[in-house]
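This report describes selected local features of a single protein model.

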Amino acid sequence: MDKILFLGTAGGRASTFRLLRRSGGFLLNLSGRWIHVDPGPGAFVYLHQMDFDPRDLDLVVLSHVHLDHSADVNSILESATDGGKRYHTALLAPRSVFEGEDRILLPYLRKRLAYEAFFEEGKIIKYMDVKVKAVMKHRHHNAETYALLFNDRILYVTCALFEERMLEVYPKNVDIMIINTTLYSKRTYIEHLCVDDAIKLINGLKPKRAVLTHFGYEFLKHYDPQEVAKQVSIITQVETIAAFDGMEVYLH
Ligand SMILES: [Zn+2]
Ligand SMILES: [Zn+2]
């Protein structure tokens, strides 16, 4: 059965680097393949701690280059390819991960990839039995950032400034919508989603279930994500859960 495993649920600098919660992104098991999405700081160690062999990863996916999403990408790729001995891992990411001044992929690791592809808005990438669509380019502090749809079932709304266009471009009625809800309330000049934005997305797109994650410092200090998710469920009438480190969600 397809599933999601949240390695970490911290978002933004303060919450991630003061280790209020773990970071490390999440794993997807889709069509029997393991995918690591946004391997932030600690991801490599967390995988080993739960006895997950990184050589089982066929795909690594990055939504953007920010450190809380990408810090461990090189260690993850080195271990997934067994130091270059196993040639099966794909990296799907914005071009800015691979090239340019702010690239984060170590150049020698590029040769170890069995496949690489760059996201562009609307582009569909297939590798093994996994289909990833970059549904929309986000506005997010000048980083090239994409919302991603996996196998037409899981919509990952990564960090972004809320835009009405999301309600037109994102698919409706997906099985699960993962929303990086870093802020409790909106803050000017900060290009992250808040709880009201999550409510607008859930109300407008009616996923079967929603997961809030990637909680920022202020959110975790002053609010209980579980309680917030309960309120969001009542308001939207869509089952909404707050992710915690190590949480697993099964897709029926
Ligand atoms: Zn970011
Ligand atoms: Zn982020």
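Predicted model: local features only at pLDDT ≥ 70, side-chain atom pairs only at ≥ 80, totals over all residues.

Gln-237 belongs to the loop that runs between H10 and E13. Its phi is positive, about 65 degrees, although Gln-237 is not a glycine.

## Other residues with positive phi

Most residues other than glycine have a negative phi. A further exception is His-214, which is not a glycine and has a positive phi of about 60 degrees. His-214 is located in the loop connecting E12 with helix H9 (217–222). His-214 counts as buried because it has 32 C-beta neighbours inside 10 Å, where 20 or more are required.

Lys-206, the residue that follows H8, also has a positive phi, near 40 degrees.

## Packing of H8 against H10

Two packed helices are described by the angle between their axes and the distance between the axes. For helix H8 (residues 195–205) and helix H10 (residues 225–236), the axes come within 10 Å and cross at roughly 35 degrees. The crossing of H8 past H10 is right-handed.

On the H8 side, the contact is formed by Val-195, Ala-198, Ile-199, Ile-202 and Asn-203. Their counterparts in H10 are Val-228, Val-232, Ile-235 and Thr-236. By class, this contact between H8 and H10 comprises seven nonpolar residues, two polar residues and no charged residues.

## The buried side of H8

Which residues of H8 are buried? They are Val-195, Asp-197, Ala-198, Leu-201 and Ile-202. These residues cover an arc of only 160 degrees around the axis, and therefore lie on the same side of H8.

The buried residues of H8 pack against several elements besides H10. Among them are helix H7 (165–169) and the strands E10 (154–157), E11 (176–180), E12 (209–213) and E13 (239–242).

## The nonpolar core

In soluble globular proteins, nonpolar side chains tend to be buried together. In this model, the largest nonpolar core contains 73 residues. Those with the most contacts inside the core are Val-61, Leu-92, Leu-148, Met-177 and Ile-179.

Leu-148 illustrates these contacts. Leaving aside residues up to four places away in sequence, Leu-148 touches Val-61, Ser-63, Val-132, Ala-134, Val-135 and Tyr-156.

Glu-116 is part of strand E6 (residues 115–118). Glu-116 counts as partly exposed because it has 16 C-beta neighbours inside 10 Å. Although Glu-116 and Leu-91 are 25 residues apart along the chain, their C-alpha atoms are separated by 5.0 Å. When residues up to four places away in sequence are not counted, Glu-116 touches Ala-90, Leu-91, Phe-98 and Arg-110.

Arg-55 lies in the loop between helix H2 (43–49) and strand E4 (57–61). With 15 other C-beta atoms within 10 Å, Arg-55 is likewise partly exposed. Arg-55 and Ser-79 are 24 residues apart in sequence, and 6.2 Å separates them in space, C-alpha to C-alpha. Ser-79 is also among the residues that Arg-55 touches, together with Ala-80, Asp-82 and Arg-86, again not counting residues up to four places away in sequence.

Methods:
Residues numbered from 1 in each chain as written. Chains lettered and ligands numbered in written order. Axes fitted to C-alpha atoms, helices over the stretch in contact; angles between N-to-C directions. Helix = DSSP H or I, 4+ residues; strand = E, 2+ residues; numbered from the N terminus. Left-handed = near helix turned anticlockwise from the far one by under 90°. Contact = placed C-beta atoms within 7 Å. Nonpolar A, V, L, I, M, F, W, Y, C, P; charged D, E, K, R; others polar. Core = buried A, V, L, I, M, F, W, Y, C linked by C-beta atoms within 7 Å. Buried ≥ 20, exposed ≤ 12 C-beta atoms within 10 Å, placed from the backbone. Arc of directions from axis to C-beta.
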